[in-house]
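I went through this model and kept short notes. The entries record what I looked up, one topic at a time.

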Amino acid sequence: MITIFIVIAIVYLGVLVTFSLITRQKNKDSTSYFLAGSRVGSVLGIFTLAATLFSTFTMIGMPDFFRTHGVGSWLFLAFSDAAMVFGIISVGYYLRKKARRKDFRGLSGLMVQCYKNKFAGYITFLGAFIFLVPYVAIQIRGIAIFLNATFPQAMPIWGWAILIVLIVLIYSEVGGLKAIIYSDMLQGIILLLVISVIAYNCVSYFGDIENLFAKVEQVNEKLPSVPGPNGLFTTQFLIASLIAITMIPFTQPQVVTRIIIMKNYRSLFRMAIGLGIFALIIIFATLCIGMYGAVNYPDLDTAQFIHAVIITDQSNLVAAFAVLGLIAAALSTSDSQIFALGGELRSLLTGEDKKMLGITRVAIVFFAMVVFAFSLLASNELVLLARTSFTGTALMAPMIFTALFSTRKLKMVMPLFTLLAMLLFIGSLLNIIPNMVLGLRLDLMLMLLLAFLGLFTYHFSPKGDPDSGKV
């Protein structure tokens, strides 16, 4: 397996180097560097968005999540992703329209232009930074834990994390967004094929799906039901998760950018449908893997379980591609999001383009160092950490939607209350304030309050041209 892995890893890295060198020649300014020329087709769009959304936590976290919490994870993930696809189709048009009118450079810069106040951009950037750093960190931590378990004598966890961060930095700094998109396409294809083969093998072990779930029910009768063995999937959890995941395309910069750079709305529509199909295949596959683990490996920790199911129980060829798929997934999501933070910073800077691009590249290195530090401190609950990241950025959705749809002069009410909501949410994560208020989850309450405030602001803002700022 190691020999096969080394061969395909060398080929994979060679392809990445080729992509990076080719796209480097086309990066003439910050727009081409951060926005890839804004002419991405539907096929490339499907895989770059899928690779950004489905990453290390897909292959490591999601099977373990199903194994631990049961089939209620399907409602949490699949139904929410279907709603997200509908959101891309229905709201993506208005997002692209607003972005084109505002000469889009980044979500933070767009908020500055819509609210006519730099603090709106700073708040957007702060929210993206605070909640994307943990999300990127879990990608790196997840693959570092797995590689340490697979090759225990090679390097410690922190050594693998450093190696991944260095590859991400070199690749993204040299090639820009276009190179990252090509990398995403390659990673998305590998992920889809590998996880489908492993899921098929897991189901074949029991004969068919019916026998698999019959065995699962014998092992733990709570796994095939809601709220699951640990009582996680309450109604409030599922509603809050639905909102958080549905808002990803409009609150997380790396996804917003990919919606903007599609060459036309038809390509966006096809991309969204393709993404939905991709999501359902991936999530069903991880369900099968998780249920297989619930029967055969109910007591192993995450790293041991994943090692057993995708290495020990697979052929050498499948195992080698699975390891490569995990590494590719970690690289794909990490470079997309670290790079997106750089793009957000660039959208807030003013000055000579070449100088600002240099500052942004230095900042990307800093973001990567912060991510590395956090990856050493993060827990192994990858899916729940990802869900926390989704929730944190989702709190910005009412502010962003108000900016997209309002035809009136906007005040700073929404950005300021969004900042307050994010601080309260962080306080609940740190156990400074309770995460339940009057029987309602704090994150769900904050989302609802911000949504009502956004509607109020939309209807009662003073009349005027939001683009000119004149009342």
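**Ground rules.** I am working from a predicted model, in which local features need pLDDT of at least 70, side-chain atom pairs count only at pLDDT 80 or more, and totals for chains, interfaces and linings use all residues. Residues are numbered from 1 along each chain as its sequence is written, and side-chain values use heavy atoms, with hydrogens and water left out.

**Helix pair.** I looked up α6 (residues 107-115) and α18 (residues 397-405), whose axes come within 10 Å and cross at roughly 55°. That angle makes α6 oblique to α18. For the angle classes, under 35 degrees is roughly parallel, over 145 roughly antiparallel, 65 to 115 roughly perpendicular, and the rest oblique. Axes are lines fitted to C-alpha atoms, for helices over the stretch in contact, with angles from 0 to 180 degrees between N-to-C directions. Helices here are DSSP runs (H or I, at least four residues), as are strands (E, at least two), numbered from the N terminus.

I noted the crossing of α6 with α18 as left-handed, meaning that the near helix is turned anticlockwise from the far one by less than a right angle. On the α6 side the contact (heavy atoms within 4.5 Å) uses L107, L110, M111, C114 and Y115, and on the α18 side M399, I400, T402, A403 and L404. I sorted these residues into nine nonpolar, one polar and no charged. Ala, Val, Leu, Ile, Met, Phe, Trp, Tyr, Cys and Pro count as nonpolar, Asp, Glu, Lys and Arg as charged, and the others, Gly among them, as polar.

I195 sits in helix α8 (residues 157-206) and is buried at a relative accessible area of 1%. The classes are buried under 20%, exposed over 50% and partly exposed in between (1.4 Å probe, protein chains only). Beyond its neighbours within four places in sequence, I195 contacts T58, M59, I282, A285, T286 and I289. A285 belongs to helix α13 (residues 265-296) and is buried at 4%. Leaving out residues up to four places away in sequence, I found A285 touching I195 and A199.

**T360.** I placed T360 in helix α16 (residues 353-377), where its relative accessible area is 0%, so it is buried. With residues up to four places away in sequence not counted, T360 touches F34, G342, R346 and L349.

**Cysteines.** How many disulfides does the structure hold? I found zero; a disulfide needs two cysteine sulfur atoms within 2.5 Å. The sulfur of C202 has its closest cysteine sulfur in C288, 7.8 Å away, which is too far for a bond. C202 is buried at 1% relative accessibility, and C114 is buried at 3%.

**Backbone.** Most residues other than glycine have a negative phi, and most peptide bonds are trans. I logged the V226 to P227 bond as cis, with omega near 15°; P227 is in the loop between α9 (209-219) and α10 (235-246). K116, not a glycine, has a positive phi of about 55°. K116 lies in the loop between α6 and α7 (118-150) and is partly exposed at 41%. N431 has a positive phi near 65° and is not a glycine either. I located N431 in the loop between α19 (413-429) and β1 (436-437), exposed at 66%.
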